[in-house]
There are 2 protein chains.
Amino acid sequence: MAAQKSAQPAPSSARRSERSRRAIYDAALALVAEVGYPRTTIEGIAARAGVGKQTIYRWWPSKAEVLMEAFLDLGEQAAQEAGQESYVIPDTGDLAADLKGVLRATVDQLKDPRFAAPSRALAAEGLVNEELGREYVAKLMEPSLQLYVDRLRAAQEAGEVRPDVDPRIALELFVSPLAQRWLQYTGPISYEYTDTLVDYALHGLAPRTR
Amino acid sequence: MAAQKSAQPAPSSARRSERSRRAIYDAALALVAEVGYPRTTIEGIAARAGVGKQTIYRWWPSKAEVLMEAFLDLGEQAAQEAGQESYVIPDTGDLAADLKGVLRATVDQLKDPRFAAPSRALAAEGLVNEELGREYVAKLMEPSLQLYVDRLRAAQEAGEVRPDVDPRIALELFVSPLAQRWLQYTGPISYEYTDTLVDYALHGLAPRTR
């Protein structure tokens, strides 16, 4: 009995809260993917998660805030599944290899419907709803982009990137093409494609001998 | 009387058609910018343009087709205003200068509300409506991108771009960052920014001396 009790502990309040929180995140991501941002409501999220809407309003002021945290949580889950505490860009001393590795992981993520469908729905709304768009960028995109800034700064210190390069612009040479192909269906995405972007960005399109 | 008649000629059927066509394009672009793609209807376009909806159905099978042609027409108008028959990328023999020039013109266009508001609305719908998104890319984006492909191919023949570079990928190093900053509010856009993208793309982030 004691062993069984420890295997199936009575739910504590914290554990119930954690379960509700997870259910709310899952419901919010599923709903926005299915019906889009404008038709996603706190009531709809509550009904799908099996909680009262007051439970949601107690923790979050708006559906935008619920969704932002749901995405942050999804990113943390993915990082944990990959055996990391959070997303990092490794520094092996080989910038090209490190960038190719993290972009290949991004390709995998963009092809994962759990991530892709709600991301696309939120990005679409962000295009025409400037306030939401800017919040999406500040809370979800910019922190990831800063990891590239840090890695490029380290590469500058190691002499692998020219000292006059602005890392915040430089990262866009490989990040933005991938984002545009994925978001706007402008072309296929693959490891070979992102590897090529890194090579072009690091070595340039012009001949090295000129 | 004769002079007055020639100054105010009786509208011909062709001229009436042209006037209706222009009114329909203007109405379609204004509506999609104001209410978004899903709530733009043939009826709404007809009412705003002051034509019967049968007039629209006689010329176009769907609102998507009306909008695509309205955008193509808008691009042609802009090119004519700039004194060109259609958009071209000049070939002065200086690839960097030619790319910077056309990207500066694109910055101007992206900051022009006549173009920007309906483009943003259509792009937003294209993110979540894959069929429309692919049509938008095939009819509106890819023809413009092919101009960069042609210019980069000429640069390869002139020895300004490495022969092993794929021009269709290479153009994304400067086109996609600008598109993403504009669409997703990920950063400010300016001539200085697009000039920098061209320099980074052509010369690479890595030191040339390594």
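Trainee: Is B:Lys111 buried or exposed?

Mentor: This is a predicted model: local features need pLDDT of at least 70, side-chain atom pairs count only at pLDDT 80 or more, and totals for chains, interfaces and linings use all residues. Residues are numbered from 1 along each chain as its sequence is written, chains are lettered from A and ligands numbered from 1 in the order in which they are written, and side-chain values use heavy atoms, leaving out hydrogens and water. Buried means under 20% relative accessible area, exposed over 50%, and partly exposed in between (1.4 Å probe, protein chains only). B:Lys111 has a relative accessible area of 54%, so this residue is exposed.

Trainee: Where does B:Lys111 lie?

Mentor: Helices (H or I, at least four residues) and strands (E, at least two) are DSSP runs, numbered from the N terminus. B:Lys111 lies in chain B, in the loop between H6 and H7.

Trainee: How many Å separate the C-alpha atoms of B:Lys111 and B:Trp182?

Mentor: Along the chain, the two residues are 71 residues apart.

Trainee: How many Å does helix H6 of chain B reach from its first C-alpha to its last?

Mentor: H6(B) covers residues 95–110, which is 16 residues. The expected span is 1.5 Å times one less than the number of residues. That expectation is 22 Å, and the helix comes close to it, reaching 22 Å.

Trainee: Which residue caps the N-terminal end of H6(B)?

Mentor: Look for a side-chain oxygen 3.3 Å from the backbone nitrogen of B:Ala96. The oxygen belongs to B:Asp94.

Trainee: With which side chain does B:Asp98 make a polar contact?

Mentor: B:Asp98 is found in helix H6 of chain B, and at 3% relative accessibility it counts as buried. Contact means heavy atoms within 4.5 Å, and beyond its neighbours within four places in sequence B:Asp98 touches residues including B:Ile89 and B:Pro90. A polar contact is a pair of N or O atoms within 3.5 Å; within protein, one must be able to donate a hydrogen and the other to accept it, and residues adjacent in sequence count only if both atoms are side-chain atoms. At 2.9 Å, the partner of B:Asp98 is the side chain of B:Arg151.

Trainee: Now chain A. How many helices are there?

Mentor: The chain has 210 residues, and 50% count as buried. Its C-alpha trace spans about 75 × 50 × 30 Å along the principal axes. Strands number 0, and helices number 11.

Trainee: Which residues of chain A does UniProt list for "domain: HTH tetR-type"?

Mentor: UniProt positions use the numbering here, feature names are shortened, and annotations may be inferred rather than shown by experiment. The listed span is 80% helix and 0% strand, with its end C-alpha atoms 18 Å apart. In the unreviewed UniProt entry, this span is residues 18–78.

Trainee: What kind of aromatic pair do A:Tyr25 and A:Trp60 form?

Mentor: Rings of Phe, Tyr and Trp (its six-membered ring) pair if their centres lie within 6.5 Å; planes under 30 degrees apart count as stacked, over 60 as edge-to-face and the rest as tilted. Over all chains the structure holds 6 such pairs. A:Tyr25 and A:Trp60 are 5.8 Å centre to centre, with 55° between the planes, and the pair is tilted.

Trainee: How many residues apart in sequence are the parts that this pair ties together?

Mentor: A:Tyr25 lies in helix H2 (residues 13–35) of chain A. A:Trp60 lies in the loop between H4 (53–59) and H5 (63–81), so the pair ties together parts that are apart in sequence by 35 residues.

Trainee: Which residue has its charged end over the ring of A:Trp59?

Mentor: A:Trp59 has 26% relative accessibility, so it counts as partly exposed. A charge sits over a ring if NZ of Lys or CZ of Arg is within 6 Å of the ring centre and within 35 degrees of the ring normal. Here the charged end is 5.8 Å from the ring centre, and it belongs to A:Arg58.

Trainee: What is phi of A:Tyr185 near?

Mentor: A:Tyr185 is in the loop between helix H10 (172–184) and helix H11 (191–203) of chain A. Its phi is positive, in a residue other than glycine, and the value is near 55°.
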